[in-house]
Amino acid sequence: MARAQGARAQMALGFETVYGTPPAASDFWKMPFASSNLGAEQPLLSSELLGYGRDPLPPVKDAITADGDVVIPIDARFFGIWLKALFGQPTTTEDTGVFTHVYQSGGWTLPSFAVEIGMPEVPYFSMVAGCVANSISWTMNRSGLITATVNVIAQGEAVGTTSSAGTLAELALARFGAFNGAVKRNGALLGNITSAEVTYSNNLDRIETIRDDGKIDGADPSIAALTGTINVRFANTDLLDQAVDGDPCELEFSYGTSATSKVTLTAHAVYLPKPKVALEGPAGVQLPFAWQAAKGASPARMCTVELVNDQASYNNP
């Protein structure tokens, strides 16, 4: 008897034309992922009724919740699919086979997509439809594997014994390493950074209407948020001075192996809090700045993500 193993699992993703309706077979990409708990769950409500003795009456099914986190690699090609889910359709330009995809915050419409998780040994194929990307977060360090966690809110799940995704389109994985990362402030490399955390959230609002299938009607974007933390070895007072003055700066977080293979998130107006200068021993002094981004003046948006690669578009294959 075959047993399911993560090593044999596959993930397929395709953008929907109609919310909650998966795209046609063969309109899916084969997606790399490190882990996933995306799926639907339906808890049971214990009976509160009295008068039937000490043994409880049967429980009642509660509403269905379909959501979860997907841990993905940050790379030069597949990352654009997730960026489209988070920000919407990019503006793409070409220069002799090199494509620059520009994603902007502030859009009111986000594309929905379907994700199928397949475990062929059982067999078990879970098609989660009506997915909308809620947030993404990642940590920048000097070494280690670079992954991001995408939180997804979905409408529902359909389980079958065969795949509904058809033949999957594949892209060559071009993964970035930790040593490909950089952090800039107002266009200049920011020194003494030991680690950085970045979180972008659409703050989705579930439309939890009453319906006989227990599903939601949608997930609408609310006020977005871009926050994070930069941990800095205390070598000068530049960031402290900015925090005290209350002036914004521009922070840029990037990974890239060349001018034709890179991704850059630029937060156009970042505000810093004033942290305590704490001494915790004889080693170096480190300051954490829990920054917040807001809508900038020029450009008049909170952030821009630029992805440069050889992928012409991120419409379904």
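Colleague: Where should I begin with contacts: what share of those with a separation of 6 or more comes from residues 24 or more positions apart?

Modeller: A contact means heavy atoms within 4.5 Å. Here, residues 24 or more positions apart account for 71% of the contacts with a separation of 6 or more. Keep in mind that this is a predicted model, where local features need pLDDT of at least 70 and side-chain atom pairs count only at pLDDT 80 or more, while totals for chains, interfaces and linings use all residues. Residues are numbered from 1 along each chain as its sequence is written, and side-chain values use heavy atoms, with hydrogens and water left out.

Colleague: How many helices and strands does the protein have, and what does its C-alpha trace span along the principal axes?

Modeller: Both elements are DSSP runs numbered from the N terminus: helices are H or I with at least four residues, strands are E with at least two. The protein has 2 helices and 23 strands. Its C-alpha trace spans about 70 × 60 × 40 Å along the principal axes.

Colleague: What part of the protein is buried?

Modeller: Buried means under 20% relative accessible area, exposed means over 50%, and partly exposed is in between (1.4 Å probe, protein chains only). Of the 317 residues in the protein, 42% are buried. Helix H1 (79–87) is mostly covered, with 9 of its 9 residues buried; among them are Phe79, Trp82 and Lys84. Just after H1, Gly88 takes a positive phi of about 100°.

Colleague: Which residues does Ala178 touch?

Modeller: Leaving out residues up to four places away in sequence, Ala178 touches Asn141, Arg142, Ser143, Gly144, Ile146 and Tyr255. Ala178 sits in the loop between strand S13 (156–160) and strand S14 (181–185), and at 8% relative accessibility Ala178 counts as buried. For another view, take Glu16: its C-alpha is 33 Å from that of Ala178, and the two are 162 residues apart in sequence.

Colleague: Now the salt bridges: how many are found in the whole structure?

Modeller: A salt bridge is a side-chain nitrogen of Lys or Arg within 4 Å of a carboxyl oxygen of Asp or Glu. The search finds 5. In one of them, the side chains of Asp67 and Arg206 meet at 2.7 Å, N to O. Asp67 lies in strand S7 (residues 65–73) and Arg206 in strand S17 (residues 205–207), so this pair ties together parts 139 residues apart in sequence. Asp67 is partly exposed at 22% relative accessibility, and Arg206 is partly exposed at 24%.

Colleague: Which parts does the salt bridge between Asp310 and Arg77 tie together?

Modeller: The side chains of Asp310 and Arg77 meet at 2.9 Å, N to O. Asp310 lies in the segment after strand S23 (303–309) and Arg77 in the loop between S7 and H1, so the pair links parts that are 233 residues apart in sequence. Asp310 is partly exposed at 43%, whereas Arg77 is buried at 19%. There is also a network: Arg211 forms a salt bridge with Asp217, their closest N and O atoms being 2.5 Å apart, and salt bridges that share partners join Arg211, Asp213 and Asp217.

Colleague: Which residues form the negative surface patch?

Modeller: Patch residues have over 30% relative accessible area and no salt bridge; like charges are joined within 9 Å, nonpolar side chains (Val, Leu, Ile, Met, Phe, Trp, Tyr) within 5 Å. Asp and Glu count as negative and Lys and Arg as positive, with His and the chain ends not counted. This negative patch is formed by Asp238, Asp241, Asp245 and Asp247. Asp245 is found in helix H2 (residues 238–245) and is exposed, with a relative accessible area of 54%.

Colleague: Last, the backbone: where are the prolines with a cis peptide bond?

Modeller: The bond from Val122 to Pro123 is cis, with omega near -5°, and Pro123 lies in the loop between strand S10 (113–119) and strand S11 (124–140). Another cis bond joins Ser298 and Pro299, with omega about 0°; Pro299 lies in the loop between strand S22 (286–293) and S23. Look at phi too: Ser26, a residue other than glycine, has a positive value near 75°. Ser26 is found in the loop between strand S1 (10–15) and strand S2 (29–31). Asn186 has a positive phi near 50°, and its place is the loop between S14 and strand S15 (188–189).

Conventions:
Areas by Shrake-Rupley, 256 points an atom, 1.4 Å probe, with all protein chains shown as cover. Charge placed at Lys NZ, Arg CZ, Asp CG, Glu CD.
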